[in-house]
Amino acid sequence: MTAFDNTLYADGALIVGAGLAGLFTALKLAPRPVTVLSPKPLGLGASSAWAQGGVAAAMGEGDSSHAHAQDTEMAGAGIVDHGIAESVTAEAVARIEDLARWGTPFDRDDFGNFELGREAAHSANRIVKVEGDRAGAAIMQAIIAQVRKTASIRVVEGITALSLARDNGRVVGVYCRRLGDRYSEPVFIRARATVLAAGGLGGLYAVTTNPPGVRGHAMGMAARAGALIADPEFVQFHPTAILTQADPAPLATEALRGEGAILINDLGERFMPAIHVDAELAPRDIVARANFRQIQVGRRVFLDTRQALGRDILTRFPTVSKYCLDAGIDPVSAPIPVTPAAHFHMGGVKVNDYGRSSLPGLWVCGEASCTGLHGANRLASNSLLEAVVYGARIAEDIGGLEPARDLAPFKGIEWDEAEGNRAEDVLRNTVAVQQLRRVMTDLVGVERDAEGLQQALRQIAHLEAHAEQVTTAYLNMTTSATLVAAAALRRTESRGGHFRRDYPEPSPDWEHHTEMSLDEALAIREGAKAY
Ligand SMILES: Cc1cc2nc3c(=O)[nH]c(=O)nc-3n(C[C@H](O)[C@H](O)[C@H](O)COP(=O)(O)OP(=O)(O)OC[C@H]3O[C@@H](n4cnc5c(N)ncnc54)[C@H](O)[C@@H]3O)c2cc1C
């Protein structure tokens with residue numbers, strides 16, 4: 001390992017996280033200098049690379065960005081920010097063109113037109129995709145190649161941010177550590193503009209589709225620095241994660257149901273038509289709850305693609321097929337066992353139209369942010385769209401502040417991949433982390449109630465106080481967990497991804513976003529001790 005000074009300087013902007021949001025922002029900032037921090041080698045550890053469906057954009061004949069915005073609002077259950085939905089969907093085509101220009105091999109017909117897929121709750125075919133279910137991997141591969149050849153972008157791999165640094169109330173960079181090194185002093189990377197793009201929080205849950213390192217670090221870090229958080233209670237559970245021993249659980253994309261795959265239980269009963277007029281294509285939260293309830297009463301749930309796709313699943317959905325075959329499931333001849341899993345966070349660090357957080361000097365984009373686009377329930381394939389739209393907006397905003405300059409020499413941080421991966425496993429398997437994930441799945445999951453949420457808050461407080469190794473990374477996780485549980489307790493209604501057994505209906509009193517500071521969340525947590 002090389003030794004390094006404790007303070008490093010990112011000449012221009014510093015981007016924390018190397019998923020689509022972070023890398024797209026970096027490319028849009030070029031030729032302005034930017035440093036990107038990535039815990040893993042580029043492409044690994046990001047949800048973006050695992051996206052199967054694609055990017056939503058109204059590009060088909062007869063479709064319009066307005067119709068896309070309306071579908072977004074409908075899915076968001078009454079609390080999507082109308083202006084944001086209209087403006088984000090209107091920018092979709094331009095951002096798809098950026099991705100195509102940077103080398104993404106989107107599926108096209110013989111005339112070069114985009115082949116558009118359909119997903120639940122979209123009123124038109126508007127999912128821009130790659131080889132069926134390879135959108136995320138293909139987009140990231142293209143973007144990474146572009147990043148690698150852009151001289152103004154400096155990528156530092158093998159490093160994880162722990163805390164935001166502030167000076168007179170302004171965010172001036174981050175404290176971070178080489179992944180796997182819990183013992184040396186944190187390094188301070190100073191920057192003139194800091195962009196937090198460190199993803200969502202699925203990994204806080206025991207059953208999730210997210211990569212292990214995506215577990216609320218971004219929201220936890222920002223909240224601890226005093227940033228306002230919006231809508232943290234809204235977590236989306238995907239109805240069809242493939243039930244294997246694997247952690248995280250691999251995903252069976254919603255596009256399969258778009259192609260006619262059905263849900264059945266172990267008695268062979270198809271249960272969705274009795275629950276919603278759109279059956280398997282009902283909004284994600286409704287399908288997830290239906291699966292959850294089957295499992296609660298002792299049934300097992302399967303996604304049956306046999307009739308709809310037969311052998312075609314192997315060629316049209318190669319990623320899903322590989323996940324199944326690796327787990328010993330032949331999707332051509334047998335239904336695929338599935339379970340709901342924490343998948344996407346609608347809430348996050350509250351930002352304005354330009355991705356600015358409530359803290360000066362801090363911009364946030366991608367799943368870490370809450371822009372108001374998703375409301376209580378994200379419309380499928382709107383998150384990659386949001387990541388690129390806000391990446392571009394942030395670059396424009398920062399670009400107006402930052403002079404373009406050449407990169408100064410930067411002392412690198414040597415990456416020992418094996419050690420980094422070991423460290424990841426250690427953190428994942430720490431008893432305290434496992435307990436926290438169990439609390440979130442059992443008590444802050446698909447269905448919630450006051451008693452369970454109060455219990456969750458008490459347990460999170462206990463874990464935070466008594467964990468054998470309370471690292472800053474763990475504190476970021478418990479901070480995020482506290483925000484989700486506290487906001488879920490405060491919202492005494494059901495809406496979108498947030499379902500309260502004790503308040504099963506939506507209430508007009510709650511038809512709005514919520515904002516929460518860490519102090520407010522901690523006060524609610526403290527109050528839960530009284531019960
Ligand atoms: C299986 C799956 C399928 C999906 N399919 C779709 C789809 O088809 N369409 C769609 O629109 N959305 C989809 N989503 C959601 C979408 O992929 C994500 O919302 C989106 O990719 C988020 O992008 P991001 O850049 O914000 O975060 P990520 O892509 O998750 O990137 C986060 C980055 O931050 C890094 N990081 C984490 N913690 C730290 C730290 N402490 N310090 C430094 N870096 C850190 C991570 O290593 C990673 O590089 C899917 C998600 C999953 C999990």
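**Note on ring pairs, cysteines, ligand shell and backbone**

1. At 12% relative accessibility, Trp-102 counts as buried (buried is under 20% relative accessible area, exposed over 50% and partly exposed in between, with a 1.4 Å probe and protein chains only). This is a predicted model, in which local features need pLDDT of at least 70 and side-chain atom pairs count only at pLDDT 80 or more, whereas totals for chains, interfaces and linings use all residues. Residues are numbered from 1 along each chain as its sequence is written, and side-chain values use heavy atoms, with hydrogens and water left out.

2. The search of the whole structure returns 4 aromatic pairs (rings of Phe, Tyr and Trp, the last by its six-membered ring, pair if their centres lie within 6.5 Å, and planes under 30 degrees apart are stacked, over 60 edge-to-face and the rest tilted). In one of them, the ring centres of Phe-24 and Trp-102 are 5.3 Å apart and the planes stand at 70°, so this pair is edge-to-face. Distant parts of the chain are linked here, since Phe-24 belongs to helix H1 (residues 20-29) while Trp-102 is in the loop between helix H4 (92-101) and strand S5 (116-117), 78 residues apart (helices, H or I with at least four residues, and strands, E with at least two, are DSSP runs numbered from the N terminus). Phe-24 is itself buried, at a relative accessible area of 0%.

3. Tyr-205 and Phe-237 also form an edge-to-face pair, with 5.5 Å from centre to centre and 85° between the planes. Because Tyr-205 lies in the loop between strand S11 (193-196) and helix H6 (217-224) and Phe-237 in strand S13 (residues 235-242), the pair ties together parts that are 32 residues apart in sequence. Both Tyr-205 and Phe-237 are buried.

4. Charges over rings deserve a separate entry. Arg-293 lies over the face of Phe-499, at 5.1 Å from the ring centre, and the charged end of Arg-393 sits over the ring of Tyr-390, 4.8 Å from its centre (the criterion is NZ of Lys or CZ of Arg within 6 Å of the ring centre and within 35 degrees of the ring normal).

5. On the cysteines, the structure holds 0 disulfides (a disulfide being a pair of cysteine sulfur atoms within 2.5 Å). The cysteine sulfur closest to that of Cys-365 is in Cys-370, and the 14 Å between them is too far for a bond. Cys-365 is buried at 1% relative accessibility, and Cys-370 is buried with a relative accessible area of 6%.

6. The ligand is surrounded by 37 residues, and the closest are Ser-48, Gly-53, Ala-161, Glu-367 and Ser-383 (a residue is near if one of its heavy atoms lies within 4 Å). H1, strand S8 (159-167), H6, strand S16 (336-345) and helix H12 (382-399) each supply at least two residues of this shell, and the largest share, 3 residues, comes from H12.

7. A polar backbone atom of Ala-21 is 3.0 Å from an oxygen atom of the ligand, a backbone N or O atom of Ser-47 lies 3.0 Å from a ligand oxygen atom, and a backbone N or O atom of Ala-161 lies 2.8 Å from a nitrogen atom of the ligand. Of the 1000 Å² of accessible area that the ligand has on its own, the protein covers 97% (Shrake-Rupley method with a 1.4 Å probe).

8. Glu-254, in the loop between S13 and helix H7 (255-258), is buried with a relative accessible area of 2%. Its side chain is joined to that of Arg-284 by a polar contact of 2.7 Å (a pair of N or O atoms within 3.5 Å; within protein, one must be able to donate a hydrogen and the other to accept it, and residues adjacent in sequence count only if both atoms are side-chain atoms).

9. A cis peptide bond joins Ala-30 and Pro-31, with omega about 10°, and Pro-31 is placed in the loop between H1 and strand S3 (34-38). Another cis peptide bond joins Asp-247 and Pro-248, with omega about 0°, where Pro-248 is found in the loop between S13 and H7. Ala-77, a residue other than glycine, has a positive phi near 60° and is partly exposed at 24% relative accessibility. Phi of Ala-279 is likewise positive, near 50°, but Ala-279 is buried with a relative accessible area of 10%.
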